[in-house]
Amino acid sequence: MGRRMWGMVILCCLLAGCARSGETDKDTGNGKDRIAIQKLENGDYQLLVNKKPYFIKGVCYAPVPIGKSHLFNYMCDPNKPWIADGQLMKDMGVNTIRLYQPGDELAYCKAMIEELYTKYGIRTILGHSLGFWDYPPPNYAEKEFTDYVSAEVLKTVEYFKDTPGLLMWNLGNENNYSFDGRVNPWSSPEIDALESFGEKRDARARIYYSFVNELAKKIKKIDPDHLVSLGNGETVGLKEAAEYCPDVDLIGCIVYRGKVFGNFFKEIKRKFDKPVFLSEFGCDAFNAVTQKEDQNNQAKFLKSMWLDLEHHSAGKDGEGNCIGGAIFEWTDEWWKKSDCDRDSWLVHDADASWGMGAYDFDAQAGKNMNEEWFGIVGLSPDLENGINKRLPRKAYYVLKELWNPETAGLQDPGVKSQAK
Amino acid sequence: MDRILYSSRKETVRRTPWYRQFFVVCAAEIMCLLLAVAAIGQEVKSGEGVFLEQLKDQAQKFLDGQRFSDMLDYLSGLRAERTDPRERFYLEYYTALTKSQYLDHLDKQEDWQHYYALVHAFDAEIIDTAAKAAAENISQTAAIDMQYLAWKAYLREEDEAQAETSFNELVKRIVAYTASEHDLSKIQETAALLSQEGKTRQLGALFAMYKEYLLNSKAAPEAIEQMAKIAAAYAADDQMDMARVAYEHYLSIIIDRYAPADCIPAMLRIAGQFRHHQFRRSLDAEFAEKIYAEIETKFGEQALGEAALFARAYNLYARGEYERADEEFNRFVRLFPASMFAAEAYTRLGIVNRYFLAREEPATASFRKVMDEFPDSGYAPLCTYQSALSAQFQQDNTRALEWYGRLTGSAGAYAAEARARCAEINTQQAMAEAVSYPLEHRVLDPENATIVLTLLSDPSGVFIGNPLFWKATAQDFSAGTVQPLFRYQWFWDTGSNEAPGNVPGFETSYSTGSPKLVCFSAKTGDNENLIFADVWVYDLVVISPASEQSVPAGTTVQFSADIDPATIDAGDFNWQWQISGPESFSGEGAQFSRKCEQPGRYQGRVTISGNGVEVSRPFVFDVAVR
């Protein structure tokens with residue numbers, strides 16, 4: 001009788017185990033992450049990964065070494081910069097990186113995404129520029145072009161959809177800045193026939209966002225497990241985006257407004273009403289007035305920006321639609337002054353190609369956005385393990401205190417002995 | 001009864017009563033006891049004093065050498081041996097000091113890895129030690145020093161409220177110490193530290209409290225002059241920002257307390273330290289002008305005197321305030337025509353008018369005045385040359401040759417230039433461009449001309465669809481009123497209206513809300529400058545009823561609208577609602593409610609007005625049959 005009883009108990013345990021694993025399969029779809037957007041009762045939005053709230057603590061990742069340009073495919077670098085970077089990111093509390101493009105060598109990209117996830121738990125937002133910076137230049141009014149881009153994107157989706165660590169897709173970057181014809185202008189006879197500038201701009205917006213929407217629907221058919229984000233510059237074209245791009249799950253905006261984001265989240269809520277993450281935001285570490293590195297102001301600004309993002313996350317006092325952001329950027333890029341002048345790639349140029357008055361610590365310089373200095377990690381010409389030695393800036397540590405507070409102060413090195 | 005003592009003399013001696021002897025003996029013993037206690041006390045103090053001296057010496061040795069870990073090891077060793085509460089107090093004090101300085105060191109070195117690993121723990125300890133120091137009240141000066149460290153700790157922790165409280169406490173302690181000990185050292189030390197840290201506001205607060213103390217204690221002039229001495233010491237040390245803060249408070253006391261005969265010379269002395277001199281540029285000449293203006297306001301035009309009036313005019317000239325400089329130099333020569341500075345004043349008037357204000361007539365007149373009435377002045381060659389230049393430029397060659405001729409014969413100043421100009425006239429060549437260009441364009445240094453931009457638009461309260469007029473100006477102050485040709489450009493944040501061309505102003509309206517960033521640039525030659533402006537473009541948004549909403553008849557409908565973004569105060573506007581349909585009604589305010597009984601289609605309009613704005617938005621809703 002006793003043995004039978006024990007047998008029954010063991011059998012019940014086995015059955016319960018099977019039931020649980022069945023539940024797991026159902027919930028996670030054969031072991032994949034379950035990624036979803038949840039709208040709360042109060043209208044706030046949350047990103048959920050495996051049913052847990054996930055606030056994107058991200059960085060834009062493009063670790064171009066000193067002496068190289070954006071054409072260098074770091075994903076093929078045998079020194080694997082993401083190994084050193086991944087550890088630093090993990091210590092800091094980064095949970096996501098944003099990649100602008102998968103690059104030409106998809107296998108390398110896939111391996112990197114996987115390795116960042118398995119080693120450090122860092123997920124990836126994978127983007128596609130939708131041909132915006134390719135040659136020939138984009139024309140979203142041309143079927144041939146859009147068919148070509150669609151095919152490329154869907155091929156990429158098919159390839160990456162099962163990659164562990166993939167968080168979501170991000171379609172486009174600042175492609176909407178082409179609507180007014182000043183960046184990568186494109187047109188069609190129908191657009192040209194329109195009378196006013198505003199009508200032409202609105203027509204381009206309709207065409208572009210409709211294309212993105214169709215693409216989003218196709219992506220979801222191939223890959224129902226991942227969210228699709230509309231990449232947008234600022235809130236430009238938001239009204240048209242809401243009308244013609246309703247099938248995206250969220251929007252990822254690039255915003256540079258200084259210490260705080262003003263009414264940005266309110267505007268998104270009013271006009272688009274989907275969750276939003278900042279696919280780019282940041283502050284450079286160079287003071288265009290003093291012409292010196294300025295880590296203090298970079299840290300101060302980034303901290304303020306981050307606190308503003310948190311303020312607008314679910315359950316807080318703001319708009320409740322922010323699901324995080326990706327700081328621009330992880331490391332400095334020394335090629336930004338000129339993608340043609342190789343000599344300049346070896347110099348940490350202090351040129352500022354544009355200005356933004358809201359970065360008031362050096363706004364009086366006029367042009368104060370020093371593109372080569374946006375990293376929260378600087379680069380040294382000295383190599384360590386085959387890559388430029390990483391020099392975390394003050395912003396790294398300040399953000400670490402916010403993103404990974406449990407580890408703050410744990411590694412107490414004590415007071416260093418000074419050489420006598 | 002007196003005791004009878006033995007005496008060699010056979011006489012009766014009256015003895016001291018016993019109680020008197022007892023009293024004397026007791027008093028003597030008490031005195032000895034007191035002396036002994038004092039001696040012991042002195043001995044204790046001396047012991048403590050030696051210990052403190054030791055600590056100070058070691059601190060100087062280690063901390064000046066940035067040997068922070070050695071200092072902490074040393075203190076740790078002492079902590080193990082010392083049990084006296086006072087000594088342990090000082091050990092804690094020096095530990096806190098060392099840790100605070102170590103954090104400063106890491107900050108300066110930008111060694112963020114170590115800084116962030118230690119800062120919070122160290123700051124908590126420092127704050128805790130400061131609180132204990134205040135409670136134990138062992139040493140006023142140490143408590144003050146600890147309070148300063150605690151304030152810095154709160155700043156590092158970005159706890160603004162506690163930092164403010166802590167600083168106010170620090171200042172109170174310092175003033176209390178100064179009043180009780182008549183010792184200014186703590187004020188001076190703290191002021192020096194604040195200046196090093198660039199904490200001008202806190203420095204002002206410190207001196208403000210000290211000033212209040214001086215006024216409330218009806219301090220004698222000697223005490224007030226102490227503040228001037230502190231300020232003078234800073235000025236002598238070239239710490240002009242600290243000197244200014246101290247002098248400002250000092251001046252605010254003496255202006256009301258001193259007689260003019262004492263006040264004015266003191267003010268002029270201070271102004272003299274801050275103004276521009278010909279061979280010494282000031283970092284804060286604006287303060288000098290402020291003092292001159294104060295003297296004139298309080299004591300009248302005559303109070304300045306010859307030397308001060310000239311100094312003031314020169315100061316304005318050196319600050320680039322050319323209109324004001326012109327006024328003051330003119331006033332000077334009017335009031336003091338025979339002054340030894342008159343020739344220089346006229347020369348400066350000529351330069352200001354020719355090169356900065358583009359007023360040729362007064363410029364020529366001024367140069368001629370020196371040339372004709374002060375021929376022996378050191379400024380005469382310059383003025384003669386300038387007069388001749390003017391004549392040559394105006395093609396009055398006879399005069400030009402005559403005046404150049406006064407210079408060509410000598411080996412003195414402008415001789416070579418005059419000869420070159422004469423050669424131009426005699427060979428009928430044009431003036432060298434380097435010479436004529438300034439006269440023509442009034443630009444002294446075109447390579448380094450500074451373009452100052454001013455945005456004249458006031459883009460507040462802009463609503464979608466409403467006109468906004470953007471206007472900006474560009475000025476090159478080195479060019480005077482004859483401005484170079486600027487090329488303008490306007491940049492927009494993308495997605496907005498088409499950017500206009502080379503115009504200083506234009507009208508536009510926005511069709512989308514959201515902040516706009518507008519940039520105006522002006523360029524002349526290779527010089528360019530940019531100015532940015534942010535503008536919020538607002539939208540009036542009907543929130544309720546939703547567009548084309550249908551509500552059952554008899555429902556109370558909420559009407560509400562909002563201004564987006566909410567950075568503008570909706571209460572600044574008048575709100576009017578007009579609804580027409582099966583029944584017509586109106587409403588006021590950003591929201592109101594009304595029961596709608598009659599089914600049918602309703603058309604409404606909400607309008608806001610005020611602050612020069614009128615914006616309205618239509619909306620439609622239906623009331624359905626129940």
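This is a predicted model: local features need pLDDT of at least 70, side-chain atom pairs count only at pLDDT 80 or more; totals for chains, interfaces and linings use all residues.
Figure 1. Chain B contains 20 helices and 14 strands. Of its 626 residues, 46% are buried. Where contacts in chain B link residues at least 6 apart in sequence, 55% of them join residues at least 24 apart. Chain B has an accessible surface of about 32,000 Å², and carbon and sulfur atoms account for 51% of that surface.

**Figure 2. Close-up of the packing of helix 9 (residues 221–236) of chain B on helix 10 (residues 240–257) of chain B.** The axes of the two helices lie 8 Å apart, at an angle of about 155 degrees. Because angles over 145 degrees count as roughly antiparallel, helix 9 of chain B and helix 10 of chain B are described as roughly antiparallel to each other. Helix 9 of chain B passes helix 10 of chain B in a left-handed crossing. Helix 9 of chain B contributes B:Ile224, B:Glu225, B:Met227, B:Ala228, B:Ala231, B:Ala232, B:Tyr234 and B:Ala235 to the contact. From helix 10 of chain B come B:Met240, B:Met242, B:Ala243, B:Ala246, B:Tyr247, B:His249, B:Tyr250, B:Ile253, B:Ile254 and B:Arg257. By class, the residues of this contact are 15 nonpolar, 1 polar and 2 charged.

**Figure 3. Close-up of helix 10 of chain B against helix 11 (residues 260–274) of chain B.** The two axes cross at roughly 165 degrees and come within 11 Å of each other. Helix 10 of chain B and helix 11 of chain B are therefore roughly antiparallel, and their crossing is left-handed. On the side of helix 10 of chain B, the residues in contact are B:Met240, B:Ala243, B:Arg244, B:Tyr247, B:Tyr250, B:Leu251, B:Ile254 and B:Ile255. They meet B:Cys263, B:Ala266, B:Met267, B:Ile270, B:Gln273 and B:Phe274 of helix 11 of chain B. The residues of this contact divide into 12 nonpolar, 1 polar and 1 charged.

Figure 4. B:Glu286 counts as partly exposed, because its relative accessibility is 35%. Leaving aside residues up to four places away in sequence, B:Glu286 touches B:Arg244 and B:Arg319. B:Arg244 is also one of the residues of helix 10 of chain B that meet helix 11 of chain B. The C-alpha atom of B:Glu286 is separated by 8.7 Å from that of B:Leu316, a residue 30 positions away along the chain.

Key: Residues are numbered from 1 along each chain as its sequence is written. Chains are lettered from A and ligands numbered from 1 in the order in which they are written. Side-chain values use heavy atoms; hydrogens and water are left out. Helices (H or I, at least four residues) and strands (E, at least two) are DSSP runs, numbered from the N terminus. Buried means under 20% relative accessible area, exposed over 50%, partly exposed in between (1.4 Å probe, protein chains only). Contact means heavy atoms within 4.5 Å. Accessible areas come from the Shrake-Rupley method with a 1.4 Å probe; for residues, only the protein chains shown count as cover. Axes are lines fitted to C-alpha atoms, for helices over the stretch in contact, and angles run from 0 to 180 degrees between N-to-C directions. Angles under 35 degrees count as roughly parallel, over 145 as roughly antiparallel, 65 to 115 as roughly perpendicular and the rest as oblique. A crossing is left-handed if the near helix is turned anticlockwise from the far one by less than a right angle, and right-handed if clockwise. Ala, Val, Leu, Ile, Met, Phe, Trp, Tyr, Cys and Pro count as nonpolar, Asp, Glu, Lys and Arg as charged, and the others, Gly among them, as polar.
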